[in-house]
Amino acid sequence: MNKIVKFDFIDVIPLPKGIIFAGNKKMPDGSSKIIFMHYDVISGELTAVTKGSYFLNKFGTNFEEIVSQLGDYISCDSVRLSNGTTVILYPTGEMGVFNEKGKLVWTGDIYYNDAPCRDLVYDSGNVWCCVPARKAVAEYSLTLNKFVMRIGGDNNTSFSRPVSLFADDENIFICDSGNNSIRTINKKTFNVSDYMTFDEPVLKYFRILNSQFVILESGIYEL
């Protein structure tokens, strides 16, 4: 594995050919400021980008309207749907749905069995999220405003502490930090399978071009 950044990053936005990082930079007076960097997967170059570039890639073209309604734009996860809708979810379970013009049209707390959901991935009109405290991942219908499927659970051994998701055409990939592993859910059969195992908790997985990336407790790596 190749560690690709060595600074203190706090958010990661995968792009078609690169990655945007939000990170902390120590200042001479001892304070810190948020900086934004871009990693080019092809060249391996790391360059500075603007806050606007980070906002655009995280929230879409109406980011100014969306960000004006958020107090914390860093810790939330975000997905953009094909109709222009942007959905955000905080680790506390607070969800916001913004229409194609950036107007907040729905907000509420998303809990499964009294436990907050976190992280989002979009699939076939619905979103999937993790429920770390319930050892589960769940599919949530934005149209019906309710859960329509759950995999795993308190009395199930499929997951230990799922914390983030990634999806391709065939599978949903679940980073299970409790088991130091990535597991998959087949979209057709919903069978759960092992994919990768690490020596430390895995926090995030994604693919760009032909490269795979993981975020572990020790940093972000290209596999």
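**Exercise 1.** Determine which residue forms a salt bridge with Lys58, and where the two partners lie.

*Solution.* The partner of Lys58 is Asp11, with the closest N and O atoms 2.8 Å apart. The pair links distant parts of the chain, since Lys58 belongs to helix α1 (residues 51-59) and Asp11 to strand β2 (residues 8-14), 47 residues apart. A salt bridge here is a side-chain nitrogen of Lys or Arg within 4 Å of a carboxyl oxygen of Asp or Glu. Helices (H or I, at least four residues) and strands (E, at least two) are DSSP runs, numbered from the N terminus. Both Lys58 and Asp11 are buried, where buried means under 20% relative accessible area, exposed over 50%, and partly exposed in between (1.4 Å probe, protein chains only).

The model is predicted: local features need pLDDT of at least 70, side-chain atom pairs count only at pLDDT 80 or more, and totals for chains, interfaces and linings use all residues. Residues are numbered from 1 along each chain as its sequence is written, and side-chain values use heavy atoms, with hydrogens and water left out.

**Exercise 2.** Describe how β4 pairs with β3 and with β5.

*Solution.* Two strands pair if DSSP finds at least two bridges between them. Strand β3 (residues 18-26) and strand β4 (residues 32-40) are antiparallel and share nine bridges; Ala22 stands opposite Phe36. Five residues separate the two strands of this hairpin, and Gly30 in the turn has a positive phi of about 95°.

Next, three bridges join β4 to strand β5 (residues 46-48), again in the antiparallel sense. Met37 has Ala48 in β5 as its bridge partner. This hairpin also has five residues between the strands, and its Gly44 takes a positive phi near 80°.

**Exercise 3.** Which residues of β7 point one way and which the other, and are they buried or exposed?

*Solution.* In a regular strand the side chains alternate between the two faces of the sheet. In strand β7 (residues 86-89), Thr86 and Ile88 point one way, Val87 and Leu89 point the other way, and all are buried. Four bridges join β7 to strand β6 (residues 77-80), which runs antiparallel to it, and Ser78 stands opposite Ile88. Four bridges also join β7 to the antiparallel strand β8 (residues 94-98), where Gly96 is the bridge partner of Ile88.

**Exercise 4.** Give the strand order of the open sheet that contains β20.

*Solution.* The order of its four strands is β1-β22-β21-β20, with antiparallel pairing. The edge strands are β1 (2-3) and β20, each pairing on one side only. Six bridges connect β20 with strand β21 (residues 211-216), and Tyr205 stands opposite Val214 in β21.
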